[in-house]
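My notes follow in the order I made them.

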Amino acid sequence: MFTSDRMMMVFQWSAWMKPANNLLKPIGATVGNPERYDTEYIRNGVCNIFIHNEPLTGRRHTKVTAQRTKKDWASFIKELVDEQYPKAQKIVLVMDNLNTHNGSSLYEAFEPSEAKRILDKLEIHHTPKHGSWLNMAEMELSHLSRQCLDRRIPDMIELEKEVTAWNSTRNESGAVVNWRFTTEDARIKLKRLYPTLE
């Protein structure tokens with residue numbers, strides 16, 4: 001049961017995005033000939049996108065960072081606790097088993113008392129090691145990739161603009177996650193992972 005003092009988040013970081021520019025200009029379409037372009041590009045660096053979403057309310061929040069370090073994750077989580085949900089007594093996080101996704105990241109980034117304060121507001125659950133597809137944030141990242149990141153983006157500033165616009169549009173539409181994978185489905189699909197008694 002979800003109440004205003006207990007928020008459920010699904011958290012995930014995206015694959016590293018590669019801001020890039022095409023090396024050669026496309027040759028425009030002419031009568032009888034489609035547009036032609038070369039796939040070679042100039043790589044302008046990499047960056048990271050953090051995302052959290054509330055699957056039942058259709059709310060999500062993204063943040064583009066230059067790196068994906070423990071301190072970056074800790075900063076994102078502090079923002080989640082202090083700015084996104086300051087009134088929540090407990091925030092339930094479901095996320096994958098990435099090495100940065102744990103309490104030690106908070107202790108590396110902040111003073112022990114501050115790290116403990118943030119950690120005390122979190123209830124962390126990790127998806128199975130080979131089951132990141134169970135993480136609903138992966139669905140949001142799929143939407144982000146198809147609706148926003150399906151082309152070359154020249155730099156991090158432009159990427160931040162694009163991701164922020166996507167985030168706002170998606171929140172305004174109230175797009176919720178319609179999770180259809182039930183316990184019964186899991187028993188069938190994941191049968192090989194369950195122990196057997198003989």
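I began with a pair of helices in this predicted model. The axes of α4 and α5, the latter spanning residues 156–173, come within 11 Å of each other and cross at roughly 120 degrees. Because angles of 65 to 115 degrees count as roughly perpendicular and only those over 145 as roughly antiparallel, I noted α4 as oblique to α5. I also noted the hand of the crossing: α4 passes α5 in a right-handed way.

Next I asked which residues of α4 and α5 meet. On the α4 side I found E140, H143, L144 and Q147, and on the α5 side V163, W166 and R170.

I then looked at α4 by itself. The helix runs over residues 136–147, which gives it 12 residues. From first C-alpha to last it reaches 17 Å, close to the 16 Å expected at 1.5 Å a residue.

Which residues of α4 are buried? I listed M136, A137, E140, L141 and L144. They cover an arc of only 150 degrees around the axis, so they lie on the same side of α4.

My last entry is on E79, a residue of helix α1, which covers residues 70–84. Is E79 buried or exposed? Its relative accessible area is 15%, and the cut-off for buried is under 20%, so I put E79 down as buried. Leaving aside neighbours within four places in sequence, I found E79 in contact with H61, K63 and Q84.

Methods: Residues are numbered from 1 along each chain as its sequence is written. This is a predicted model: local features need pLDDT of at least 70, side-chain atom pairs count only at pLDDT 80 or more; totals for chains, interfaces and linings use all residues. Side-chain values use heavy atoms; hydrogens and water are left out. Helices (H or I, at least four residues) and strands (E, at least two) are DSSP runs, numbered from the N terminus. Buried means under 20% relative accessible area, exposed over 50%, partly exposed in between (1.4 Å probe, protein chains only). Contact means heavy atoms within 4.5 Å. The expected span of a helix is 1.5 Å times one less than its number of residues. The arc is that of the directions from the helix axis to the C-beta atoms. Axes are lines fitted to C-alpha atoms, for helices over the stretch in contact, and angles run from 0 to 180 degrees between N-to-C directions. Angles under 35 degrees count as roughly parallel, over 145 as roughly antiparallel, 65 to 115 as roughly perpendicular and the rest as oblique. A crossing is left-handed if the near helix is turned anticlockwise from the far one by less than a right angle, and right-handed if clockwise.
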